[in-house]
Amino acid sequence: MELTPAILAHIEAHREEAYQLLLTLAQIPAPSNHEELRAEFCKTWLEQQGAKGVYIDEALNVIYPIGAEGDQPLMVFMAHSDVVFPDMDTLPLKVEDGKIKCPGIGDDTANVVALLMAAQYIAQNNLTPKNCGILVVINSGEEGLGDLKGTRKLMEVYGQRVKEFVTFDSYADSISDRAVGSRRYLIAIDTEGGHSLVDFGNRNAIHYIASLIDTLYTMKVPEMGRSSYNVGTISGGTSVNTIAQHAEMRYEFRSDVGQSLDIMEAHLQAALALYRAKGVRVTVTPIGNRPCSGDVDPEAQARLTARATAAIEAHYGWTPVNKAMSTDCNIPLSMGIPAVCASCVMGAGAHTREEEVEIDSLYPGLKVCFRMVLEHF
């Protein structure tokens, strides 16, 4: 839909309010699985705008249902509250050279603000959706070991009613309507260890974990789709003069094709069996499992993708690249529900402490969000 002059005037009149909201929200710590402070802030802010029925669920999703009573179909609009950084103190923020710099500012705080501003407009104007209910969701657990917990919980409760799903995430130069799935494991090895001199010759857990890593890195990724694997962290040992009894690593593999995930899983299990045969204790703990896309109606998906593309073209002036990504869309896509990830911001440095967003990108981003949400009213 085209934004009416009244809506455009509203967005213009609230630009500064949105900017100040972003500066405030960006500094509130929200590591995955500890989004309590941001969740409470967002709930309170929505209520202050006149939103009715806002609640925080057990996964720390902030949910604003609009015309969602009964069993009618639902449309979900979401942006995630969590950031990748573990800080529980105020996040450092500065404004310079036309940019706002703060850990997590673009991924995903600026998108959260755009969605909150659209929700404010709906609440203050007492709008009612036309052909479906709407769920505005500031969700938890999108990043890392959050493992999409917020979206999983939302779809557990509402999934059978959801007909389309939009998440605002990443940057506006791309959109995603295909899911990159992943499997993540904490892998530990334990040996007898001992004193580096007295017990020399005993097996060293660090040696074995290093050898296992080398074995895993002999895998040639499947040719179907785009796939990768990675050891992201390693730890273990006690001191320089101790034969390590324990060592562990975090390992993941990912692909946009489910069959490729199964092939890489088989390689991992074969490697683990080899090391167990050596007589060392190998413990494997799953820490993440993001599904690939399932059987989604291609025509319904194409229509949703086209609407997201058109919104970015209209308000940013370019056509976003379409690519597979790992986002909150993984869950609905795996359930056969059309879903797309779009964005309301441009920036750089995502997942680094130097992350930044371009201030000039925020205004067109508000228009993108308003256009996609308000077409259902």
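Ser-182 is buried, with a relative accessible area of 1%, where buried denotes under 20% relative accessible area, exposed over 50% and partly exposed the range in between (1.4 Å probe, protein chains only). The model is predicted, so that local features need pLDDT of at least 70 and side-chain atom pairs count only at pLDDT 80 or more, while totals for chains, interfaces and linings use all residues. Residues are numbered from 1 along each chain as its sequence is written, and side-chain values use heavy atoms, with hydrogens and water left out.

Ser-182 belongs to strand S9 (residues 181-190); helices (H or I, at least four residues) and strands (E, at least two) are DSSP runs numbered from the N terminus. When neighbours within four places in sequence are set aside, Ser-182 is in contact (heavy atoms within 4.5 Å) with Glu-252, Phe-253, Arg-254, Leu-261, Gly-288, Asn-289 and Arg-290. A separation of 43 Å lies between the C-alpha atoms of Ser-182 and Ala-13, which are 169 residues apart along the chain.

Two helix pairs were examined. Two packed helices are described by the angle between their axes and the distance between the axes. Axes are lines fitted to C-alpha atoms, for helices over the stretch in contact, and angles run from 0 to 180 degrees between N-to-C directions. Helix H4 (residues 105-124) packs against helix H10 (residues 362-374) at an angle of about 50 degrees, with the axes 9 Å apart. H4 and H10 are therefore oblique to each other, given that angles under 35 degrees count as roughly parallel, over 145 as roughly antiparallel, 65 to 115 as roughly perpendicular and the rest as oblique. The contact involves Ala-110, Ala-114, Leu-115, Met-117, Ala-118, Tyr-121 and Ile-122 of H4, together with Leu-362, Gly-365, Leu-366, Cys-369, Phe-370, Val-373 and Leu-374 of H10.

In the second pair, the axes of helix H6 (residues 205-216) and helix H7 (residues 258-277) come within 10 Å and cross at roughly 145 degrees. Tyr-208, Ser-211, Leu-212, Thr-215 and Leu-216 of H6 meet His-267, Leu-268, Ala-271, Leu-272 and Tyr-275 of H7. The contact of H6 with H7 comprises seven nonpolar, three polar and no charged residues.

A nonpolar core is a set of buried Ala, Val, Leu, Ile, Met, Phe, Trp, Tyr and Cys residues joined through side-chain atoms within 4.5 Å. The largest such core holds 69 residues, of which Tyr-64 and Phe-168 touch the most other members. H4 supplies the largest share of this core, 13 residues. Apart from it lies another core of 26 residues, including Ala-205, Val-231, Leu-268 and Cys-292.

Most residues other than glycine have a negative phi, and most peptide bonds are trans. Leu-60, in the loop between strand S1 (55-56) and strand S2 (62-66), has a positive phi near 75 degrees and counts as buried at 16% relative accessibility. Leu-148, in the loop between strand S6 (133-139) and helix H5 (149-158), has a positive phi near 60 degrees and is buried, with a relative accessible area of 0%. The peptide bond from Asp-107 to Asp-108 is cis, with omega near 20 degrees, and Asp-108 is placed in helix H4.

Methods:
Ala, Val, Leu, Ile, Met, Phe, Trp, Tyr, Cys and Pro count as nonpolar, Asp, Glu, Lys and Arg as charged, and the others, Gly among them, as polar.
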